[in-house]
Amino acid sequence: MNTMSDDPLFNTRVEDAWVDYNGHMNDAEYARVFSLAVEALMECIGLDEAGRAEHGYTIYTLETHLCYRQQAHRGEALAIAVTLLDSDAKRLHVLFTLTNADGDTLATSEQMLMGIDVAGARPAPFPEAVTAKVATLPAAGNEWPSAAGRRIGIRRG
């Protein structure tokens, strides 16, 4: 299995429509960009449109934890890298990291993704070909990212 990588999974730019009254990318648009990264991940592991049709299989997002680090501005180049934190027969626990052209982390999105058999609309193990591609994803291994596994709370005392 590969170790963590900074190779981008997905590249885009901040569109004009994504910029809000504060002059930077609206918080909802970060979620959009991470959703597009899930689609890029699906393509990477063989679940593009043709793969979904062939296998009768797709991926749903079960949970996401989005952390905002820095502002993104109109027209700014964005890249998203993925790190596989964990997986089993039908789930992927991933961390997406959104960076700018300088490599500054703008946001992270930790997600739990579930493989779904489309015909039964139920969770199901990944098709064998997908499992093989998942094994090639950049993995956290012993280098668990500090942005992963965070919880929301007000620290006291």
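Q: Are Asp16 and Arg74 buried or exposed?

A: Asp16 is exposed, and so is Arg74, where exposed means over 50% relative accessible area, buried under 20% and partly exposed in between, with a 1.4 Å probe and protein chains only. This is a predicted model, in which local features need pLDDT of at least 70 and side-chain atom pairs count only at pLDDT 80 or more, while totals for chains, interfaces and linings use all residues. Residues are numbered from 1 along each chain as its sequence is written, and side-chain values use heavy atoms, with hydrogens and water left out.

Q: What makes Asp16 and Arg74 a salt bridge?

A: The closest N and O atoms of Asp16 and Arg74 are 3.1 Å apart, and a salt bridge requires a side-chain nitrogen of Lys or Arg within 4 Å of a carboxyl oxygen of Asp or Glu, so the pair qualifies. Asp16 lies in the loop between S1 and H1 and Arg74 in the loop between S2 and S3, so parts 58 residues apart in sequence are tied together; helices (H or I, at least four residues) and strands (E, at least two) are DSSP runs, numbered from the N terminus.

Q: Why are Glu29 and Arg32 said to be separated by about one helical turn?

A: Glu29 and Arg32 are three residues apart in helix H1, which means a separation of about one helical turn. An α-helix has 3.6 residues a turn, so residues three or four places apart point the same way. The side chains of Glu29 and Arg32 meet in a salt bridge at 2.5 Å, N to O.

Q: Why does Glu29 count as buried?

A: Glu29 has 12% relative accessibility, and therefore counts as buried, whereas Arg32, with a relative accessible area of 43%, is partly exposed.

Q: What makes Tyr30 and Tyr68 an edge-to-face pair?

A: A search of the whole structure finds three aromatic pairs. One of them joins Tyr30 and Tyr68, at 5.1 Å centre to centre and with 90 degrees between the planes; rings of Phe, Tyr and Trp (its six-membered ring) pair if their centres lie within 6.5 Å, and planes under 30 degrees apart count as stacked, over 60 as edge-to-face and the rest as tilted, so the pair is edge-to-face.

Q: How do you know that the span of H1 agrees with its number of residues?

A: The expected span of a helix is 1.5 Å times one less than its number of residues. The 18 residues of H1 should therefore span 26 Å, and its end C-alpha atoms are 26 Å apart, which agrees.
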